[in-house]
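Subject: Structure for your review

Hello,

Here is the structure we discussed, followed by notes on what was found in it. Please read them with the coordinates open.

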Amino acid sequence: MSVLEARDLVVEFRQRGGDTLRAVDSCSLRLEKGETLALVGESGSGKSTIVRALGQLTKPTSGAVLLDGAPAGRHGRGLRAYRKRVQLIFQDPFASLNPMHTIHYHLSRPLLRLHPGVSRARMSEMVIELLESVNLTPASEVARKHPHELSGGQRQRVAIARALASAPDVLLADEPVSMLDVSIRLEILNLLDRLKRERNLALLYVTHDLATARHFSSRIMVMYRGQIVEYGPADDVILRPAHPYTQLLAAAAPNPGMPRAQLVEARRAREAARAAARAAAEQVAGTAEGTGGTEAERREILLGDGCRFRLRCPHAMDVCATAPPDALATGSASVNGATPVAGAEPHHALCWLHAPSAVESTTKAG
Amino acid sequence: MNDIILRAEHVSVEYAGARPTRAVREVSFELRRGEVLGIAGESGSGKSTLAYALAKLLRPPAGLSGGAVTFTSADGAAHDMAGLDGRDLRSFRWNKVSMVFQSAMNALNPVTSIGRQFGDIFTAHAPEMDAAARDRRARELLAKVGIDPDRVRSFPHELSGGMRQRVVIAMALALEPELVIMDEPTTALDVVVQREILDEIERLREELGFTVIFITHDMSLLLEVSDRLAVMYAGQFVEYAPAERVATDPKHPYTQGLLGSFPDMRGQRRELRGIPGSPPDLREDFAGCPFAPRCPAAFGPCTTVPPVLREIPGESGWLAACHLHDSAYATASVPVTGGES
C-alpha cells in the first residue's frame with residue numbers, strides 16, 4: 001500500500017476581481033516506501049502547490065490526502081501526527097533556517113516533541129547522530145554554529161537533518177538543490193538517495209531538471225498548467241516521452257556531446273516548430289478577437305474546454321480544441337484520467353495522440 | 001591582423017580588504033573574432049569578476065591589480081582598456097563591448113518603460129540619433145529578438161522572465177557591438193525558455209557576427225554553445241580547450257569533476273558524484289596547485305609547485321594547468337584520461 005496518496009487533488013486560489021485560479025487540477029499521485037517519485041514541470045505549473053497541499057501548508061479545495069490509506073489529520077493532534085510523518089525540505093536553505101538560533105536548537109526542537117523530557121546529554125547525542133547521518137562533521141562543532149557560519153550546501157544538510165528528526169516516512173523535497181552550487185548538488189542528491197534507502201523513505205523530488213529527475217527517481221510525473229500530463233517509469237518518460245509537452249522539455253535540454261552540424265540542424269528544426277505553433281496560435285487567437293480582456297484572459301477563454309497545451313503543440317488536431325483529453329473514456333489502468341501508452345510498466349500520457357480512437361486518424365508522435 | 005579581438009595578459013583582480021581577496025590571478029588568453037568562449041566554474045571561482053574586468057566594469061572594492069586587456073576593433077585599431085576613461089570609455093561601452101547580466105529583473109529599471117530605457121542607451125552612447133530614430137531603432141531591436149515592437153510602451157513587470165531577458169539581449173545589441181559578454185544569461189529561466197533564448201542568441205550571432213564570452217556554471221550547456229571552453233578555479237584558468245572535444249576527454253581533474261557533477265540526460269545511468277571539499281579561500285597564497293586538496297589524482301609536486309597553464313603535449317591549442325600533463329613529471333604521473341574514474 002502506498003504510504004502517501006493524493007486523490008483528485010484540486011487547489012484553487014482566489015484572485016483579485018473574484019476569479020479563481022486552479023493551480024492544481026485533479027491530480028492524483030502515490031508515494032511508495034523506499035521509492036523516489038520525481039515531479040517535473042516549468043515554473044508556475046503547480047509543482048510547489050502540490051507539495052504545499054501534501055504538506056498541509058495549503059488547504060486543498062477538494063480531493064483527499066491519504067496517509068497509509070486513512071484520511072490525513074487536518075487539525076490538532078491528527079495534524080501533528082501527520083506532520084511528524086510527512087516532512088518538507090525547501091528550496092532556499094538561507095530562508096528555511098532561523099538566523100537567530102544555533103544548529104543544535106534547530107534540531108533539538110523537533111527531537112523534543114518526539115522524546116519529551118529527555119536529558120540534556122542524551123539530546124546532544126541525538127543531535128550529533130542526526131548531523132552525522134547527513135555527513136556534517138565534526139558534528140559537535142557544527143551544532144554550536146549559527147546558520148550564517150555555514151555554506152549553502154551545509155545549510156541544506158541541516159534542513160535535511162531537521163526533516164529527519166521526527167523519523168518521518170515521507171520526505172517532500174521541493175527543488176532541494178536548485179539554489180546550490182553545481183559541485184555540491186550531486187552530493188545533496190546522493191545524500192537524499194542514501195537516506196531514502198537506509199530509512200525506507202518515500203521521497204517526492206520536485207525539480208525542473210530532467211537529467212537529475214531521471215537519475216534519482218524510479219518514476220516521473222510531468223506537470224503542465226496544473227495537470228499531470230505524463231506519468232511513467234523514469235527512463236521511459238525521459239528517453240521515450242509520449243506527451244508533446246514532455247517531448248518539448250526533453251528537446252530543450254542541452255546536448256553537450258552533439259557535433260556542430262547536428263546542433264545547427266536541431267536548432268533549425270526547433271525554430272520551424274516554434275514558427276508553426278505560433279502561426280497556429282495566431283490563427284486561433286484571430287477567432288477570439290473582440291472578446292476583450294487581456295491577452296492572457298483571451299487565451300484562457302480560447303483554451304476553454306480543449307487541451308491546455310494545444311496552442312504550443314506541434315501535433316494539435318481538431319479534437320484537441322473541442323474536448324479535454326482527460327474527458328476520454330479510459331481503461332481501468334488510467335491514472336489522472338491519462339491514457340496508458342504501450343509498454344510493460346504503466347506509462348500514461350494525457351493526450352489525444354495516445355487515445356485509442358485518435359491514433360488511427362493521425363500519425364503517432366515519436 | 002584582425003583575427004584576435006581581445007587579448008588578456010596576466011589580468012589580476014583584487015577585492016580590497018585587510019587581507020585582499022585575489023579573485024582573478026594572472027589570467028591570459030586570446031579571443032578570436034566570431035568565436036564563442038565559454039567560461040565555466042563554481043561560484044566564487046572568479047568567472048564573473050573576470051568578465052567585469054574585461055568590460056572595465058569593476059567598482060571598488062574590486063580593482064584591476066595587474067595585467068593588460070587589449071581590444072582590437074574590426075577596423076584594426078587597438079585599444080588598451082586600462083587607458084580608457086571618460087568619453088572614450090563611454091563610446092567604447094555598448095558600441096564595442098556590451099554585457100548581458102544574469103538577473104534581467106535587476107538589469108532593467110522597474111519604473112521606466114522599455115522604450116525609455118532604449119532611449120537612455122542611445123542618448124548616452126549615440127547622441128547623434130534624434131527621438132524618432134531612437135524609437136524606430138528600439139522597435140526594430142525588439143522585433144529582432146522576437147518581441148512585439150509595441151512593447152516599447154511596456155514596463156518590465158509587464159513582461160515575463162524570458163521576455164525581459166530578450167529585452168536585455170536586445171539592449172546589449174543596440175549599438176551593434178563586436179563583443180557581447182553574457183554572464184549567466186539563462187540561469188534564472190525554465191529549460192524551454194532557456195532553449196528559446198539560446199537559439200535566439202545563436203541566430204543573432206549568425207546574422208550580426210558578434211563575438212561572445214558566455215559565462216555559466218552549467219557545463220552541459222556551455223559545452224554545447226561554445227567553441228572554446230575555459231574552466232576557472234581559484235581565479236585561474238585551469239583548462240582552455242576546444243569545447244567539442246573536452247566534452248568527452250577532459251584533461252584537468254577539476255574539469256573531470258565538473259563534468260561528473262552533471263548527469264547525462266540521455267546517456268547511461270552511472271554513479272555520480274560531485275567534487276568533495278570546498279573551494280579555497282582566495283585571500284590565501286597557494287604553495288602548489290590550488291585544487292590539490294580536492295584532487296583525486298594529486299601526487300608529489302602538486303602540493304609544492306604551482307602548475308602553469310601550458311599546451312598539452314600532442315594537443316595543439318589545448319591547455320591545462322596540471323602536473324599530470326607536464327612532461328617534466330611524466331614518469332610520476334598516473335593517467336587520468338577518460339572522464340570519471
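In chain A, the buried residues of helix 10 pack against helix 8 (210–216), strand 9 (219–224), strand 10 (227–233) and helix 9 (234–239) of chain A, and also against helix 7 (191–208) of chain B. The buried residues in question are Pro244(A), Tyr245(A), Thr246(A), Leu248(A) and Leu249(A), from a helix that covers residues 244–252. Note that this is a predicted model.

Helix 6 of chain A, residues 152–164, is 13 residues in length and reaches 18 Å from its first C-alpha to its last, close to the 18 Å expected at 1.5 Å a residue. Of its 13 residues, 12 are buried, so helix 6 of chain A is largely enclosed by the rest of the structure. Helix 4 (residues 114–125) and helix 5 (residues 131–144) of chain B pack at an angle of about 115°, and their axes are 9 Å apart. The crossing of helix 4 of chain B over helix 5 of chain B is right-handed. On the helix 4 side the contact is made by Gly115(B), Phe118(B), Gly119(B) and Phe122(B), which meet Arg134(B), Asp135(B), Arg137(B), Ala138(B) and Leu141(B) in helix 5 of chain B. By class, this contact has 4 nonpolar, 2 polar and 3 charged residues.

Chain B also has an open sheet of 8 strands, in the order 6-7-8-3-9-10-12-11, with mixed pairing. Its edge strands are strand 6 (97–100) and strand 11 (310–311) of chain B, each of which pairs on one side only. Within the sheet, strand 7 of chain B runs parallel to strand 8 (residues 211–215) of chain B, and 5 bridges join them. Leu179(B) stands opposite Thr211(B) in strand 8 of chain B. Helix 6 (residues 161–172) of chain B lies across strand 6 and strand 7 of chain B, and runs at about 170° to strand 6 of chain B.

- The peptide bond from Thr137(A) to Pro138(A) is cis, with omega near -5°. Pro138(A) sits in the loop between helix 4 and helix 5 (139–144) of chain A.
- Pro60(B) and Pro61(B) are joined by a cis peptide bond with omega of about 10°. Pro61(B) is in the loop between helix 1 (47–54) and strand 4 (62–72) of chain B.
- His10(B), which is not a glycine, has a positive phi of about 50°. His10(B) belongs to strand 1 (residues 4–15) of chain B. With 11 other C-beta atoms within 10 Å, His10(B) is exposed.
- Glu184(B) is likewise a residue other than glycine with a positive phi, near 45°. Glu184(B) lies in the loop between strand 7 (179–183) and helix 7 of chain B. Glu184(B) has 18 other C-beta atoms within 10 Å and is partly exposed.

Regards

Methods. Residues are numbered from 1 along each chain as its sequence is written. Chains are lettered from A and ligands numbered from 1 in the order in which they are written. This is a predicted model: local features need pLDDT of at least 70, side-chain atom pairs count only at pLDDT 80 or more; totals for chains, interfaces and linings use all residues. A residue is buried if 20 or more other C-beta atoms lie within 10 Å of its own, exposed if 12 or fewer, and partly exposed in between; C-beta atoms are placed from the backbone. Helices (H or I, at least four residues) and strands (E, at least two) are DSSP runs, numbered from the N terminus. Two residues are in contact if their C-beta atoms, placed from the backbone, lie within 7 Å. Axes are lines fitted to C-alpha atoms, for helices over the stretch in contact, and angles run from 0 to 180 degrees between N-to-C directions. A crossing is left-handed if the near helix is turned anticlockwise from the far one by less than a right angle, and right-handed if clockwise. Ala, Val, Leu, Ile, Met, Phe, Trp, Tyr, Cys and Pro count as nonpolar, Asp, Glu, Lys and Arg as charged, and the others, Gly among them, as polar. The expected span of a helix is 1.5 Å times one less than its number of residues. Two strands pair if DSSP finds at least two bridges between them.
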